[in-house]
Number of protein chains: 4
Amino acid sequence: MNAALARVLDDVRRSDPPGAVADYIPQLAHVDPDRFGIATVSVAGHSYGAGDHRTPFTIQSISKPFVYALALQTLGIEAVGERIGVEPSGEAFNGISFDAQGRPENPLINAGAIVCTSLIPAADGAERFAAIRAGLSRFAGRELELDDAVYLSEAATGFRNLALAALARSTDALRTTVEDALDPYFRQCSLLVDAHDVAVMGATLASGGVNPVTGERVISEPVARQVLSVMAGCGMYDRSGAWLCTVGIPAKSGVGGGIVAASPGEYGIGVFSPPLDDAGNSSRGVAALQQLSDEFGLHMLSRPLTAVTALAGIDVDPASGRVTLRLRGEVDFVATEQLVHEILSTGQVRIGTAVTVDLTNATRLAPVARYLLTQMQHDLGYGVRVEILDPSGLLG
Amino acid sequence: MNAALARVLDDVRRSDPPGAVADYIPQLAHVDPDRFGIATVSVAGHSYGAGDHRTPFTIQSISKPFVYALALQTLGIEAVGERIGVEPSGEAFNGISFDAQGRPENPLINAGAIVCTSLIPAADGAERFAAIRAGLSRFAGRELELDDAVYLSEAATGFRNLALAALARSTDALRTTVEDALDPYFRQCSLLVDAHDVAVMGATLASGGVNPVTGERVISEPVARQVLSVMAGCGMYDRSGAWLCTVGIPAKSGVGGGIVAASPGEYGIGVFSPPLDDAGNSSRGVAALQQLSDEFGLHMLSRPLTAVTALAGIDVDPASGRVTLRLRGEVDFVATEQLVHEILSTGQVRIGTAVTVDLTNATRLAPVARYLLTQMQHDLGYGVRVEILDPSGLLG
Amino acid sequence: MNAALARVLDDVRRSDPPGAVADYIPQLAHVDPDRFGIATVSVAGHSYGAGDHRTPFTIQSISKPFVYALALQTLGIEAVGERIGVEPSGEAFNGISFDAQGRPENPLINAGAIVCTSLIPAADGAERFAAIRAGLSRFAGRELELDDAVYLSEAATGFRNLALAALARSTDALRTTVEDALDPYFRQCSLLVDAHDVAVMGATLASGGVNPVTGERVISEPVARQVLSVMAGCGMYDRSGAWLCTVGIPAKSGVGGGIVAASPGEYGIGVFSPPLDDAGNSSRGVAALQQLSDEFGLHMLSRPLTAVTALAGIDVDPASGRVTLRLRGEVDFVATEQLVHEILSTGQVRIGTAVTVDLTNATRLAPVARYLLTQMQHDLGYGVRVEILDPSGLLG
Amino acid sequence: MNAALARVLDDVRRSDPPGAVADYIPQLAHVDPDRFGIATVSVAGHSYGAGDHRTPFTIQSISKPFVYALALQTLGIEAVGERIGVEPSGEAFNGISFDAQGRPENPLINAGAIVCTSLIPAADGAERFAAIRAGLSRFAGRELELDDAVYLSEAATGFRNLALAALARSTDALRTTVEDALDPYFRQCSLLVDAHDVAVMGATLASGGVNPVTGERVISEPVARQVLSVMAGCGMYDRSGAWLCTVGIPAKSGVGGGIVAASPGEYGIGVFSPPLDDAGNSSRGVAALQQLSDEFGLHMLSRPLTAVTALAGIDVDPASGRVTLRLRGEVDFVATEQLVHEILSTGQVRIGTAVTVDLTNATRLAPVARYLLTQMQHDLGYGVRVEILDPSGLLG
């Protein structure tokens with residue numbers, strides 16, 4: 001896997017997509033534009049990396065989905081939804097996008113992210129930042145440090161963010177003082193991470209909220225799904241739609257040059273390369289994730305049909321007449337529906353027949369499959385007795 | 001399954017979400033608001049339905065993703081992309097959303113859909129509609145008919161669509177005459193379908209472009225993925241973000257009261273109930289799909305971890321020292337990565353060891369898994385010989 | 001005066017402000033960019049001109065205030081106000097500016113002008129154009145002809161105007177068919193005028209609605225004031241505010257290169273030079289009017305204090321004690337207020353005094369002055385008898 | 001005049017236009033809604049008033065044109081124009097209206113007014129406010145005091161203004177610290193004035209920059225014209241166009257319930273009544289100014305033709321053949337043009353004729369008239385000698 005990642009870096013370096021290092025925060029302009037690293041962490045907790053995957057950079061907007069996650073975890077999805085929307089804004093990251101109820105359009109544009117920060121319960125800005133640093137560190141699996149120079153640079157020049165915070169205050173979306181939201185926001189953006197950290201953070205979302213390296217549950221599964229959904233719809237600024245079409249992995253970029261991506265149930269990815277394209281996303285990072293998605297078939301809407309049926313076989317015991325249906329692999333709607341269809345349409349199952357559904361080689365039972373198997377007894381009628389062999393306890 | 005669908009209808013009727021039948025097209029106001037039907041068609045081609053799932057209604061905006069698919073299939077994704085964007089517009093369905101290059105923001109708002117219609121090659125509007133009707137009929141698996149009264153009603157009152165077509169013409173996104181795009185557009189919106197048809201159409205997208213009922217390939221797999229991606233990002237007007245968070249199935253609604261949804265690799269769903277919510281989506285349809293998603297775990301970003309490892313076992317033959325790794329079910333990144341990790345980290349594989357990867361019980365091999373298995377020989381070094389047992393031909 | 005105008009042309013030619021001939025209507029691009037003419041017509045009906053002031057060009061948007069005038073004259077200010085606003089739009093001439101009630105923001109942007117055209121009562125588009133041509137000809141004092149080539153060129157390419165008409169139809173601001181408003185609109189824009197015609201048209205507005213050359217009353221005085229007011233606020237597209245600050249004469253430009261300006265109570269001006277600046281106004285035309293305004297003090301908000309008091313003298317007849325106040329010139333608020341103040345504050349007027357106000361040398365009596373003079377008797381009390389000597393009948 | 005003003009108050013009270021006291025600044029809501037006063041001050045410095053014209057209220061946005069005037073006076077029109085536009089924004093007073101160069105659209109919306117405040121040279125916010133208070137006091141002719149409670153209330157709740165200041169800072173339109181602009185802005189808005197003060201301030205603009213009560217020149221004449229022009233175009237928020245059409249006097253309203261109006265060369269008007277209409281203008285104030293405009297003919301674009309010709313007579317001396325042209329009143333373009341026309345078209349002026357233009361009874365000579373008279377000698381040719389009798393020195 002390391003070799004594959006290294007090859008991706010090589011290929012992207014060769015294609016050399018155009019980009020320029022962000023300079024709207026003066027301190028960001030000092031970064032080395034040639035740094036390029038990538039890391040992946042699977043939901044099993046295994047790590048891979050290539051290039052400058054241990055070079056620190058400021059997390060910037062990559063912090064947004066994770067602070068959103070912390071807010072959701074603390075207040076609940078509904079309460080947060082009263083203050084921040086989940087709709088793509090159709091605008092740039094620093095757009096003045098408030099909906100008709102005065103809510104920032106989503107938590108991944110600056111206005112929404114600042115409100116998000118304000119939602120973390122704390123007595124003041126300093127305590128709020130401490131809570132956020134602790135939370136983001138749980139996602140990363142290690143204690144994250146602040147880049148003071150970048151923080152001071154942002155705080156000294158972040159007038160547009162001041163404007164967004166003040167607007168949010170004026171619509172009542174923001175209910176702390178402007179300062180107590182903005183200062184921890186500038187600080188959270190200036191936390192130092194590397195591509196590996198970012199991959200761990202992504203993997204925590206991908207695994208339903210459990211950090212696969214530390215084993216700690218950081219957020220609940222519904223919160224992880226909510227965050228991934230918002231990343232899927234709004235993660236790449238005004239290129240979010242194009243990203244969904246071509247790369248198809250929930251992701252979030254930062255002007256520091258990093259991108260986090262998370263493939264639910266599979267892995268997190270972190271990429272780092274400072275030059276940005278004109279939408280503000282790392283141009284090499286975008287290219288690297290595009291290549292990974294293409295080569296490894298990672299697009300979330302590209303689920304090829306299962307090549308081999310999950311219904312491994314149907315055995316009829318000549319003596320007892322018992323019919324055994326052997327399932328294997330992921331038993332989803334299609335597999336179960338096929339199974340039920342098979343039973344009902346063959347003549348093998350008659351009144352008095354005993355049916356066994358054998359899940360020994362099954363690896364996963366989709367909720368819809370669980371429902372259909374449970375209903376099967378009812379569908380077959382009382383004359384047929386259904387027994388389910390479930391050594392792994394998939395039925396729950 | 002029919003029983004499950006019927007129960008969903010009952011539950012939704014009881015909860016009775018507020019809605020009102022569309023009246024902006026006068027003829028639409030004549031529909032019976034109590035009609036309510038649902039149908040699903042699996043990628044195996046099996047159909048289920050409940051309620052008024054065979055009641056005809058006009059397809060309206062549900063036609064948009066399918067005409068987009070026809071345009072993509074004919075001209076290619078890139079050529080279509082030069083004329084129509086893929087970004088959520090952050091506006092209502094009839095919004096005046098053109099991007100900086102003069103392209104409608106996406107093919108699911110009216111402006112983009114009209115341009116899409118114009119892209120279907122034809123000598124004039126009548127021929128264009130004939131081609132679209134034929135194409136949509138291939139998606140549905142039967143010849144679709146026009147509702148003349150609705151068509152005439154739309155054509156007589158569709159001034160905003162006339163404006164959008166004229167704007168698109170003025171930005172050069174539209175290159176036919178206004179009439180030759182608008183007339184077939186009004187006609188395509190007035191095609192009659194029922195919930196079952198819509199489910200077949202959705203299932204065609206879900207199965208990568210092959211109509212699972214007729215077996216005909218209507219569009220290519222990349223086109224199907226592109227269409228699903230745009231539906232995921234922009235399908236439900238200015239509720240698209242909320243839909244992605246809560247329901248999480250690519251979908252498209254129409255003001256006729258229909259909704260199509262498609263779960264890649266699994267099934268298509270069609271729902272029909274005329275009263276619309278304030279975003280213009282069928283309110284009962286939304287509720288029904290929400291319940292299906294919740295109960296059956298259909299959210300595309302909710303992929304629970306595989307409960308049981310795909311690595312079924314490791315056998316070491318005491319005589320020969322041969323190590324056999326038995327895989328089962330869907331072999332994805334996690335499974336393969338785990339396998340490789342296992343081999344490399346145990347002491348069992350030494351120089352001279354013969355390794356067999358047994359795919360007999362595997363049902364699917366993800367592209368990344370295929371890559372990793374192929375790389376395994378290289379990773380292990382030349383002293384180890386890897387043999388892959390692949391009776392189903394999953395390696396391709 | 002001709003010499004002064006000729007000198008302005010020379011000066012502007014020398015300063016050579018940058019500009020480019022409009023090409024968005026293909027036929028317009030064929031005009032000779034070097035043509036440059038200017039004409040003025042006083043409210044007394046005297047004409048002056050220099051350069052190409054008799055070279056015909058298409059009237060284009062200069063038609064807008066005059067068709068607005070015809071609509072106001074026919075339907076009344078209030079009725080027209082229900083369909084078209086009077087607010088500056090803050091946008092370009094072809095902006096999509098409709099207010100919250102669905103009205104185009106003002107009659108001088110295209111959307112509003114098209115609605116204006118539709119308000120001229122007629123059975124169809126052809127009849128409507130005939131009425132507009134007749135009306136505009138009354139403003140110009142001669143029969144205006146159509147430039148067929150420009151009309152056909154506009155009709156063939158005016159998709160944005162088609163869009164605006166369709167939008168206005170969809171908001172119910174437009175109530176004729178789109179065609180019956182758009183076709184006469186394209187025709188009215190293609191009427192041929194020269195700088196002299198335009199000056200006569202402006203002079204008709206400046207003289208309160210009477211064409212000073214033909215003597216015909218074309219519109220009422222309140223309509224003329226309304227049209228001048230809208231020109232003052234919105235006449236020069238998104239440079240209207242700057243125009244008001246620097247030139248300060250109600251004006252309207254057209255992409256054909258013409259500008260009409262009207263100084264109430266004084267004269268109309270017509271300028272013609274095809275190259276346009278980036279706001280779509282004739283760049284030489286703008287420079288010429290700027291120079292005229294600067295040199296001749298034409299800015300409407302630059303009313304220098306009257307240098308010499310209107311109160312020419314106070315005579316006290318030693319014999320009778322009668323006090324005679326002699327007024328001269330324009331008797332406005334300031335003059336009258338001063339007069340009243342004088343009488344009340346001097347000791348000369350006592351009970352029994354006879355007062356004569358002598359208006360022999362007065363040229364104009366402002367309404368407020370008329371009011372104050374009438375009130376004077378009341379203010380002075382019943383012991384003082386006031387007589388007004390008014391040989392010219394200024395008191396009315 | 002006092003009686004006329006009192007009658008206007010009575011009439012407006014009876015018609016009772018709907019309105020509500022502003023409450024977005026909490027302290028403003030405490031004002032007595034029944035207070036209603038009006039005052040006028042002529043350019044001769046005479047004052048009139050009725051009702052609560054000496055009741056103090058906070059100046060609020062009425063301060064904007066005057067601080068703009070101070071900035072123009074200090075930096076020059078061009079330098080201020082680089083930082084603040086002069087175009088109507090088409091939006092409400094607190095709109096986020098910046099043009100393509102990042103300038104607030106005009107100085108009468110909050111964003112522009114805050115930038116204006118920042119332009120007053122000072123070492124810090126406190127010094128800036130001191131300078132502004134001194135300047136506004138010169139306009140009013142007395143030392144204005146701060147309403148501390150309103151200032152504190154605005155400073156505590158003015159988040160939208162904070163946002164506008166921060167946005168202006170981010171576009172570089174604002175170059176002081178946010179605090180050093182915003183704090184003096186909040187203070188300037190909280191200065192206490194009464195209707196009489198406001199009338200004096202308006203009269204100072206109307207008289208070309210000289211306070212007619214104190215005789216002090218506060219700003220130059222070009223600055224006064226610039227301020228009046230911007231008030232004419234943008235003074236009444238998103239009702240500016242309607243105001244120009246119906247009232248036609250440059251004006252500016254404030255949420256404290258005051259309105260200033262200034263009729264160039266004539267007088268200033270101050271009105272005060274707290275309840276505001278839905279555009280944020282004092283509803284009784286608007287009605288009062290409408291009535292004054294209607295009754296007294298104050299609309300600036302309603303200049304009725306001079307009833308009596310300025311050419312009082314032509315005398316030909318039988319002995320010498322000398323032609324004497326007697327002018328009277330305001331000698332403007334029309335009068336002079338008529339005079340020149342008369343001379344040139346009659347046969348009375350031949351080679352050798354001596355011509356006298358007698359300005360004894362003239363009260364004003366427009367710049368264009370001065371030009372034409374000077375040119376007359378040239379137009380007539382060298383054989384005719386022109387003499388101008390100018391006892392009042394109008395030719396300058």
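Trainee: What makes the five strands of chain C an open sheet, and in which order do they stand?

Mentor: The order is E2-E1-E8-E7-E6, with antiparallel pairing. A strand here is a DSSP run of E with at least two residues, a helix a run of H or I with at least four, both numbered from the N terminus. Two strands pair if DSSP finds at least two bridges between them. E2 (47-51) and E6 (251-253) of chain C are at the edges with a single partner strand each, so one side of each has no neighbour in the sheet. From one strand to the next, the twist averages 10°. This is a predicted model, in which local features need pLDDT of at least 70 and side-chain atom pairs count only at pLDDT 80 or more, while totals for chains, interfaces and linings use all residues. Residues are numbered from 1 along each chain as its sequence is written, and chains are lettered from A and ligands numbered from 1 in the order in which they are written.

Trainee: How do you know that E1 and E8 of chain C are joined?

Mentor: Six bridges link E1 (residues 37-42) to E8 (residues 267-272) in chain C, and the definition asks for at least two, so they count as paired. One example is C:Val41, whose bridge partner in E8(C) is C:Gly268.

Trainee: Which residues of helix H6 (residues 148-157) of chain C are called buried, and why?

Mentor: They are C:Val150, C:Tyr151, C:Ser153 and C:Glu154. Each is called buried because 20 or more other C-beta atoms, placed from the backbone, lie within 10 Å of its own; exposed means 12 or fewer, and partly exposed is in between. Their arc around the axis, taken from the directions from the helix axis to the C-beta atoms, is only 165°, which puts them on the same side of H6(C). The face turned away from that buried side carries the exposed C:Asp148 and C:Ala156.

Trainee: What covers the buried residues of H6(C)?

Mentor: The cover includes strand E3 (57-58), strand E4 (145-146) and helix H8 (178-189) of chain C. Contact means that the C-beta atoms of two residues, placed from the backbone, lie within 7 Å.

Trainee: How many residues of chains A and B are in contact?

Mentor: By that cut-off, 71 residues of chain A touch 71 of chain B. H10(A) gives the most to chain A's side, with eight residues.

Trainee: What confidence does the predictor give the complex?

Mentor: The complex has an ipTM of 0.90 and a pTM of 0.90.

Notes:
Axes fitted to C-alpha atoms, helices over the stretch in contact; angles between N-to-C directions.
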